[in-house]
Amino acid sequence: MTAPLPQQPAEHVERVLCVLAHPDDVDFGTAGTVATWTAAGTEVTYCIVTDGDAGGFDETPRDQMAALRRAEQQAAAAAVGVEDVRFLGYPDGRLELTLDLRRDISRVIRQVKPQRVVTSSPERMWERIGASHPDHMTVGESTLRAVYPDARNPFAFPELLDDEGLEAWTVSEVWLGASPRADHAVDVTEVVDRKLAALRCHVTQVSHMSDLDGMLRGWMTMIAQRFGLPEGRMAEAFHVVHTA
Ligand SMILES: [Zn+2]
């Protein structure tokens, strides 16, 4: 008996939902990949769980941070072809794995009906601790629990069906960013300028970084090399989980 070939992600899907903890998370790790999808006609929705109100580096008044960061994320989304950005409004830095969070993510999954969900890895990256902010791991685990079993089980959170008419939905693939077991790279070389434009929209977060472009190009070049892409290419990497 021969072992089955590893399952590849779908070539093309109609709808993708990205669920991330903070404004800018999607742009650092995934915006290049998102730009390739929107260019191919895939509809992409962002669901940002917190307003990033604990982020920043300067004297920006704290009570303005949430509104500023929502606006920055909306602009960054537009730079890679995403119009639909939803905020769940949880407090930054204090996320816990709760049934409320699972229900709120399940609601968005049932509303958007994505074939593919992108989120953060619930597993810690031991060699780069900054990639594994506790909020990121909490959102990753909550999203996986929403994908299976909550969103697909009509009897889970029955109020979603009874009060809001949201039918059960089964997501086919989950792509985990910043994963210690990344197994799939997306060549983003052709869309790198759009990704960098998206990142620069996060003024409250990145405007003090003198070589943001160089840093990002360096990371993405290393990922491309690790996955055996040709010299000079840049990539983003994911752990693809088949969830149908
Ligand atoms: Zn973050």
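## Helix α5

The expected span of a helix is 1.5 Å times one less than its number of residues. In this predicted model, helix α5 covers residues 134-150, a run of 17 residues. The distance from its first C-alpha to its last is 22 Å, close to the expected 24 Å.

The closest N and O atoms of Glu141 and Arg145 are 2.8 Å apart. Glu141 is partly exposed, because its relative accessibility is 25% and that class lies between the limits of 20% and 50%. Arg145 is likewise partly exposed, at 33%.

## The zinc site

A zinc ion is coordinated by ND1 of His22, OD of Asp25 and NE2 of His136, at 2.0 to 2.1 Å. Along the chain, the donors follow the spacing H-x2-D-x110-H.

## Salt bridges between separate parts of the chain

Side chains of opposite charge can pair when their charged atoms come close. The count of salt bridges in the model is 17.

Glu190 pairs with Arg233, with the closest N and O atoms 3.0 Å apart. Glu190 lies in the loop between β6 (184-187) and α7 (192-200), and Arg233 in the loop between α9 and β7 (235-242), so the pair ties together parts that are 43 residues apart in sequence. Glu190 is exposed, at 66% relative accessibility, whereas Arg233 is partly exposed, at 25%.

A salt bridge also joins Glu236 and Lys195, at 2.6 Å from N to O. This pair links strand β7, which holds Glu236, to helix α7, which holds Lys195, across 41 residues. Both Glu236 and Lys195 are buried.

Elsewhere, a network of salt bridges links Asp100, Arg103, Asp104, Arg107 and Glu164.

## A nonpolar surface patch

Met209, Met215, Trp219 and Met222 make a nonpolar surface patch of about 360 Å². Trp219 belongs to helix α9 (residues 212-226). With a relative accessible area of 34%, Trp219 is partly exposed.

Terms used:
Residues numbered from 1 in each chain as written. Predicted model: local features only at pLDDT ≥ 70, side-chain atom pairs only at ≥ 80, totals over all residues. Heavy atoms only, no water. Donors = N, O, S within 2.8 Å, 3.2 Å for Na, K, Ca; no water. Helix = DSSP H or I, 4+ residues; strand = E, 2+ residues; numbered from the N terminus. Patch = residues over 30% accessible without salt bridge, like charges linked within 9 Å, V, L, I, M, F, W, Y side chains within 5 Å. Areas by Shrake-Rupley, 256 points an atom, 1.4 Å probe, with all protein chains shown as cover. Salt bridge = Lys/Arg side-chain N within 4 Å of Asp/Glu carboxyl O. Buried < 20%, exposed > 50% of the residue type's maximum accessible area, 1.4 Å probe, protein only.
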